[in-house]
Amino acid sequence: MKKLLASIVLGLLWSSNLFANNLVGKQLQCGVDSVSTLGNVEYLKFINDREIHAFYISNSTLKVLKRNYRYIVFPTDIKLTWISFDHYTISRKTLKTSEGKSCKIVEFNVRNKLERESQKLLKAAQKDNKI
């Protein structure tokens, strides 16, 4: 009985890794891409079979921030967790999050794009400052 249970658990873990391997290196843009990505868009980069780096521009500092998530891949969903909290789920079929945001696959260097946009936002904010 123990061997059967162990083989089931190992099989599930192994199959989860199989689903995840095809995601490594992929990048998603999740959210509304308006004139500015400030606070609207989060970019997800699948680093390995368990880790995602998320990049976004902070509303308060206008700097590019990075957050690390863990993820679990299921046949139809990807579940993101942060520390020990469920962050959200992404449908693999529709690329919609459980929060209702739409995602799309992107091919460009996410960090560089956000750094350029952050610099533009900082210059615009400094130009408007009176003191």
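Are Cys-30 and Cys-103 buried or exposed?

A: Happy to. Cys-30 and Cys-103 are both buried (buried is under 20% relative accessible area, exposed over 50%, partly exposed in between, with a 1.4 Å probe and protein chains only). This is a predicted model, so local features need pLDDT of at least 70 and side-chain atom pairs pLDDT 80 or more, while totals for chains, interfaces and linings use all residues. Residues are numbered from 1 along each chain as its sequence is written, and side-chain values use heavy atoms, without hydrogens or water.

The two cysteines form a disulfide, with 2.0 Å between the sulfur atoms of Cys-30 and Cys-103 (the cut-off is 2.5 Å between cysteine sulfurs). A search of the whole structure turns up one disulfide. The link between Cys-30 and Cys-103 is right-handed, with 110° about the S-S bond. This pair joins distant parts of the chain: Cys-30 sits in strand S1 (residues 27-31) and Cys-103 in strand S7 (residues 103-105), 73 residues apart. Strands (E, at least two residues) and helices (H or I, at least four) are DSSP runs numbered from the N terminus.

Most residues other than glycine have a negative phi. Leu-62, however, has a positive phi near 60°, and its place is in the loop between strand S3 (51-57) and strand S4 (64-73). Leu-62 is buried, at 13% relative accessible area. Leu-95, also not a glycine, has a positive phi of about 55°. Leu-95 lies in the loop between strand S6 (85-91) and S7, and with 23% relative accessibility Leu-95 counts as partly exposed.

Val-110, Leu-114, Glu-117, Ser-118 and Leu-122 are the buried residues to look for in H2. They fall on the same side of H2 because they cover an arc of only 145° around the axis, taken from the directions of the C-beta atoms. On the face turned away from that buried side, you will find the exposed residues Arg-116, Lys-120, Lys-123, Gln-126 and Lys-127.

A salt bridge here is a Lys or Arg side-chain nitrogen within 4 Å of an Asp or Glu carboxyl oxygen. Lys-113 is partly exposed at 22%, and four residues, about one helical turn, separate Glu-117 and Lys-113 in H2.

Glu-115 and Arg-111 also meet in a salt bridge (3.4 Å, N to O), both within H2 and four residues apart. Both partners are partly exposed: Glu-115 has a relative accessible area of 30%, and Arg-111 has 34%. The whole structure holds four salt bridges, and one of them brings together Asp-86 and Lys-79 at 3.6 Å, N to O. There, Asp-86 is exposed at 53%, whereas Lys-79 is partly exposed at 27%.
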